[in-house]
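Q: Please take a close look at one part of this predicted model, the place where the two chains meet. What can be said about the area, the residues and the charged pairs there, and how far can the prediction be read?

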Amino acid sequence: MSSGFFLSPLRRSLWRLTFIACLPMALPAQANPFETTLDNGMKVVVREDRRAPSAVHMLWYRSGSMDEPMGVSGVAHVLEHMMFKGTRKVGPGEFNARIAALGGRDNAFTSRDYTAYFQQIPPAHLGTMMALEADRMKNLVLTNDAFSSEIEVVKEERRLRTDDRPRALVFEQLMATVFQAHPYRHPVIGWMTDLEAMTAEDARIWYRNWYAPNNAVLVVVGDVDHRAVFKLARQHYGTIKSAKLPMRRISNEPKQIGPRSVIVRAPAELAYLAMAWRVPSLQNPQTDRDAYALQMLGEILDGYDGARLNRRLVREQRIAVSAGASYSAISRGPGLFFLEGSPAPGQSIEALETALRAELQRIRDEGVSEAELNRVKNQALASRIYSRDSLMGQAMEIGQLESRGLSWRDEARLLAGLRAVTAEEVRSVARRYFDDTSLTVARLDPQPLPAVGTPTAPQQP
Amino acid sequence: MRFLFDFFTALSRHLRTPALASIILAVSGISSPFAQAAPRIEQWTAPTGAKVHFVASRALPMIDIQVDFAAGSAFDPAEKSGVAGFTHAMLDAGAGDLDEQAISERAADLGLILGGSMDRDRASLSLRMLSSAQERDESVALAATVLTRPRFPAEILERERVRSLANLREALTKPAPLGVRAFTAAIYAGHPYGVNSDEKSISSITREDLVGFHTRYYSARNASIAIVGDLDRATAEKIAITLTRNLPAGGNVEALSVPSPLKEGQMMRVANPSAQSHIFVGQPGMSRDDPDYFPLLVGNHILGGGGFTSRLMKEVREKRGFAYDIHSYFEPRRVLGPFQIGLQTKGAQSTLALEVVRSTLTGFISEGPTEKELQAARDNMVNGFGLRLDSNAKILGFVSMIGFYGLSHDWLEHYPRAVSAVSREAVRDAFARRVHPDRLITVIAGGDGDKDEGGTGTTTQP
């Protein structure tokens, strides 16, 4: 911990924050969360939060789009859609209807690293949720008819999220260019060409391969007693046999040997630029100091309205309409550090790129101030407290850690790791990781719309 | 550090548009007469004239505050659409002795999240802060400065004007904003709810406009404050005074007129080279204090508001695979807010999808819901009470809405009784009187990139 930390004008409150983070006496339950592992290998994590009669039940599978073989990109997400199509016991659409009748809501999501299903329900119905969720872990009925209708829904989703959004296309192309071997090169939604070729059997194979208790983590947060939850989990999930999971043959991305770039042409007004550097992700919370320093670097560049990128590029130099930085420390695959932005009218994309690089260079040359560093640390501490307000947010945090190879137990270590970052460490990562050799740049080259499609006011028929 | 969240995190099976999400939060909060009491709301008027609604919630060391002014874009001066938005957006561009950099650094130092939102009715400032006395008091003082002593620097107005025009031009290349603008203008022709900012109006805004707007609308008696969190009543009273005592005296705030009903249906197409058509169908809907509020709310839950279980979802998505997102909502406002059905489908399919929407809506209006559907909707809305009030953020959403619209302070207790009392006949009757299939506005925006049937995967790249 840097000495500057204690020189903060907020030292009193920081001490208090530390106290809260380490000894959550103000919070209703103390030895929280609680963990057990069922005999079939399924881990169960429960955080008791008894403020309101509400509970979140979330099942995480440690398989996402990065586990997909070539040719079936998007199948993890397609299967997630198919999981609502019914089982031998529960008819199509009934899953949603039963949860709705209890007052609940439910949904699911897929990422590169995992697939997760959740319901928010009155806690009295937790057993019913588990019965339904355990049932579809093994008894899904996946018909050709249901598949051929749902794959059209997924294609519409792809059009909505990606094909009609030039900036989403830029990121899709950026990832496909950064990664040549690692499966992060494929979009979670899948390439349209793969969606068009996909069959119900592809989805069935995915389901048989990965939907097993020993590939899952159950997270329950809310107005529950953890012993009762453990008991229910044993009753509903404990009877499912563990399965032999396929080998995960994930290609490691070879070292990048030179700068890369890609251009997307699509209808738009504003140009757009996204730059990605290969950097480490956090694998060991004790030792991976660079990942913490990179996180702080991201916050110093773009962690608040007055942070460096917005301040200099948008407010002072007015080179950009928007500018940002992003780094996700925790992921199963390789890490990337992004800078992105959109040039202001009359400014070129090259000028924006130069200005973004100049901010990195300033940090390499001059370092960062203690005040800046303390500011973003304060924010990290405060946001940790704020995150306790949402049951869903807490369940997400636990589930993401668990499905990415870390543990909820690392939460405190992760915060301590961030708080220990020094100004010199931030400068050091800025110096070591932003070489052009590991850089990929993607640009949106905005194309004019057809004449009829460029109204300056809503068109009348 | 925000832009990649969606990209890295996840694809969700069911999209909720931001508009819809706010409706769900604002509308479907329900209290159960049997299970749990709604949070206890204390209510008073501060000596400054501001209305205050307060809920003590002591479990977490944090406080949420929202200050709402009847200063939304419906109050824009004629020909100057955008003044309300710029006034709101520039509150923190310099205030009192602090410039914009000092304000954002100060907020970050305190761990204060200073946010805002803006709609047609309301301009809101929101604060999420730590409840320890020093952080709390300094956060409130900073917010008070921003609210009461904004500088509106002319030079920053110019910068924001350039950004705003650039973002507007960008938006006008995209089917969703193009469609929303056409839809809004058509259902509210001649009403402030139907005005869209454009290059001309944004270019005409001056610093004096912002100062004038702030002086007239950001007054204590035009303010409603909601406070939820770790503090006692006496502290909440002090905070309400601090936030509002130096506000301008305020000018006359006119009441919004009731939008006229549509005289005839209209179908509009907006050209855009996108793969999907964004389709909007609707009309002026209902007000926050509408006598038909509950029948329309429950009915809409069944029609297209209830997510996976709604009729539109079943017909358009589940049976036919026509769309990922298909929804309907009533957005209750001070006066008739919009009723809207929305979906996106590949261009070549838009006519087919629209036919399904129309027949589903017409069938629902003529026959009303089945007893089973009605029961399912009531079950979801009543049994879900505790879930919609299980965090300070969610409670704040309701409490601020109750305060701003002047709803009864037992509105949350009343809710489940009112939902439970809705009958099939009441839904059928309310929809028949209020929704007119022959007088709906339909907008189809974009989809020109997918003219050929079967031409899937058409991207918009030329």
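**The interface between chain A and chain B**

A: In this predicted model, chain A and chain B bury about 8,700 Å² between them, and 58% of that area is on carbon and sulfur atoms. On the side of chain A, the residues that lose the most area to chain B are A:E156, A:Y386 and A:D389, which together account for 8% of what that side buries. In terms of contacts, 107 residues of chain A are in contact with 97 residues of chain B.

Turning to the polar part of the interface, 33 residue pairs are in polar contact between chain A and chain B, counting pairs with both residues at pLDDT 80 or more. Helix 5 of chain A, residues 144–163, supplies the largest share of the side of chain A that touches chain B, namely ten residues. By residue class, that side of chain A divides into 51 nonpolar, 25 polar and 31 charged residues.

Side chains of opposite charge can pair when their charged atoms come close. Between chain A and chain B the count is eight salt bridges, whereas over all chains the count comes to 71. One of the pairs between the chains links A:R315 to B:E100, with the closest N and O atoms 3.2 Å apart. Because A:R315 lies in helix 11 of chain A (residues 308–316) and B:E100 in helix 4 of chain B (residues 100–110), this pair joins two chains. Another salt bridge is formed by B:D109 with A:R375, where the closest N and O atoms are 2.8 Å apart.

As for confidence, the predictor gives the complex an ipTM of 0.91 and a pTM of 0.91. Chain B has an average pLDDT of 91, and 90% of its residues score at least 70. Where pLDDT is low, the predicted coordinates should not be read in detail.

Definitions and conventions
Residues are numbered from 1 along each chain as its sequence is written. Chains are lettered from A and ligands numbered from 1 in the order in which they are written. Side-chain values use heavy atoms; hydrogens and water are left out. pLDDT is the predictor's confidence in each residue, from 0 to 100. Contact means heavy atoms within 4.5 Å. Buried area is the accessible area (1.4 Å probe) that two parts lose on being put together, summed over both. A salt bridge is a side-chain nitrogen of Lys or Arg within 4 Å of a carboxyl oxygen of Asp or Glu. A polar contact is a pair of N or O atoms within 3.5 Å; within protein, one must be able to donate a hydrogen and the other to accept it, and residues adjacent in sequence count only if both atoms are side-chain atoms. Helices (H or I, at least four residues) and strands (E, at least two) are DSSP runs, numbered from the N terminus. Ala, Val, Leu, Ile, Met, Phe, Trp, Tyr, Cys and Pro count as nonpolar, Asp, Glu, Lys and Arg as charged, and the others, Gly among them, as polar.
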